[in-house]
Amino acid sequence: MKYSKILGVGSYLPPHVWTNEDLSKMMETSDEWIQQRTGIKQRHWVDLDSDTCSSDLALVAAERALASANVKKDEIDLIIFATLSPDHEFPGTACFFQEKIGIPGIPALDVRQQCTGFIYGLSIADQFIKTGMYRKVLLVGAEVHSKGLDRSTRGRDVAVLFGDGAGAAVIGVGEEPRDSRVSQIYSTHLHADGRFAKELWVPEPSNAHPGDRLTADRLIEGGHYPKMHGKTVFVHAVKRMPEVLLESLKANQVSIEEIDLFVFHQANLRINEMVASQLGIPAEKVFNTIERFGNTTAATIPIGLDEAVRAGKLKTGMLVATAAFGSGFTWASALLRW
Ligand code: ACO
């Protein structure tokens, strides 16, 4: 059996920074409320007057990942694109992205698992490489949330949380057999529970109505904006993330103490602090970016990996654990040797 590994990562944040103070001019909120509850200080949003889509942010992140992996785009066998903010309802954003990066003909797959999209994508890439079907996979997580948020007081509970951004990874064939110092994806663990699908979702447009998928009335009511029961999401996140993280440790017979760095999904700093305290993880081993970038959903983990590499906190040979929880509900973890 073949093994897979991450060959390189890259990320991109659009240049416009919106502080909590800036948002408080748009809606009734405050820097104090946002920081106390979420830890977020600022987020990057695309120019709202531009035509920038998730696939545009992904392009820059992917080119950086290819450069860091020292892989030419023509070597890629499969594109996986994780996003909850697709460029269009259909076709999948992977197709728009494929056209922009210029590698026609290879398969292009969308993953719609929201905050766990990157880990789901990593798992898919890992399986394809392990079976020998593909040798190099380009996995992207990218989001333009800003244009899909209700940026008025009505939508403030959700709007303050999300930022735009993209991260990418090139996954390729690793060495075998498994050795304690060899870069490798050890395992991925995926879960979902659709009974909670409506705890964090976008109701419209939808076929769950008689007649048209979208009407002017439902648009005016704001049904196309995300809706969230924040407390329910929080309660499940702080349960499922430790659970799925421990699942990956158990599968590989590794202890918490052996992990060098934890790169968690970035939904709320309080969630990550609670997960770390439940598992006895020292704060300096958790790499957070939420203060600067907010929640970039499918992009948080590849952005985190790339930022950690560039900050000198993630080095070859380190054991890295990642876990995510989000809409669906979905949750997932991965354990890898960098
Ligand atoms: N600014 C000021 N006040 C606000 C804001 C805001 N931006 N948003 C809500 N409020 C108000 C509410 O109206 C409410 O007022 P009331 O008491 O007068 O009714 C009060 O603040 C408290 O609101 P709660 O929703 O109870 O606040 P809570 O303490 O639960 O914090 C939060 C909200 C931060 C969203 C939290 O519930 C949370 O982080 N949940 C998890 C979010 C998450 O993880 N999402 C998943 C990832 S996203 C994905 O998967 C796509």
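The lining of the largest cavity consists of 8 nonpolar residues, 1 polar residue and no charged ones. This cavity belongs to a predicted model, and the structure holds 1 cavity of 30 Å³ or more. Its volume is about 40 Å³. The residues that line the largest cavity are Ile6, Phe118, Ile119, Leu122, Ile301, Leu305, Val320, Thr322 and Leu336. Two or more of the lining residues come from each of helix H5 (117-130), helix H11 (300-310) and strand S12 (319-326). H5 gives the largest share, 3 residues. Because domain 1 (4-173) and domain 2 (184-337) both give residues to the lining, the largest cavity lies between them.

## Domains

The protein chain is divided into domain 1 (4-173) and domain 2 (184-337). Taken over C-alpha atoms, the centres of domain 1 and domain 2 are separated by 14 Å. In the contact between them, 52 residues of domain 1 meet 48 residues of domain 2.

## Pockets

| Pocket | Volume | Lining by class |
|---|---|---|
| Largest pocket | about 970 Å³ | 13 nonpolar, 12 polar and 6 charged residues |
| Second largest pocket | about 540 Å³ | 14 nonpolar, 7 polar and 3 charged residues |

The largest pocket, with a volume of about 970 Å³, is lined by 31 residues, of which Leu84, Ser85, Pro86, Arg112 and Val202 are the closest to its centre. Domain 1 and domain 2 each supply at least three residues to the lining of the largest pocket.

The second largest pocket, at about 540 Å³, has 24 lining residues, and those closest to its centre are Leu161, Met228, Gly230, Phe234 and Asn268. Helix H2 (31-38), helix H8 (230-252), helix H9 (269-279) and S12 are the elements that give two or more residues to this lining. H8 gives the most, with 7 residues. For the second largest pocket, too, at least three lining residues are drawn from each of domain 1 (4-173) and domain 2 (184-337).

## The five-stranded sheet

An open sheet is formed by 5 strands in the order S1-S7-S6-S4-S5, and its pairing is mixed. Strand S1 (3-12) and strand S5 (108-111) are the edge strands, each pairing on one side only. On average, and with direction ignored, neighbouring strands of this sheet are turned by 20° against each other.

Within the sheet, strand S4 (residues 78-82) pairs with strand S6 (residues 136-143) in the parallel sense over 5 bridges. Ile79 has Leu138 in S6 as its bridge partner. Helix H3 (residues 54-69) lies across S1, S4, S6 and strand S7 (165-174), and runs at about 125° to S1.

## The four-stranded sheet

A further open sheet has 4 strands in the order S8-S13-S12-S11, again with mixed pairing. Strand S8 (184-192) and strand S11 (261-262) stand at the edges with a single partner strand each, so one side of each is left without a neighbour in the sheet. S11 and S12 run parallel and are joined by 2 bridges. Phe262 has Ala321 in S12 as its bridge partner. H8 packs on this sheet and touches S8, S11, S12 and strand S13 (330-337), with its direction at about 145° to that of S12. H8 is also the element that gives the most residues to the lining of the second largest pocket, and S12 gives two or more to the lining of the largest cavity.

## Backbone features

Most residues other than glycine have a negative phi, and most peptide bonds are trans. Several places in the model depart from this.

The peptide bond that joins Phe90 and Pro91 is cis, with omega about -5°. Pro91 is in the loop between S4 and helix H4 (93-101). Another cis peptide bond runs from Glu204 to Pro205, where omega is near -10°. Pro205 has its place in the loop between strand S9 (200-201) and helix H7 (216-220).

Gln253, a residue other than glycine, has a positive phi, near 50°.

Definitions and conventions: Residues numbered from 1 in each chain as written. Predicted model: local features only at pLDDT ≥ 70, side-chain atom pairs only at ≥ 80, totals over all residues. Heavy atoms only, no water. Pairing = 2+ DSSP bridges. Axes fitted to C-alpha atoms, helices over the stretch in contact; angles between N-to-C directions. Contact = heavy atoms within 4.5 Å. 1 Å grid on protein atoms, 1.4 Å probe; cavity = no way out; pocket = protein on both sides within 12 Å on 5 of 7 lines; lining within 4 Å. Points joined across faces, edges and corners; volume = space filled by probe spheres on them. Nonpolar A, V, L, I, M, F, W, Y, C, P; charged D, E, K, R; others polar. Domains from an automatic or database assignment.
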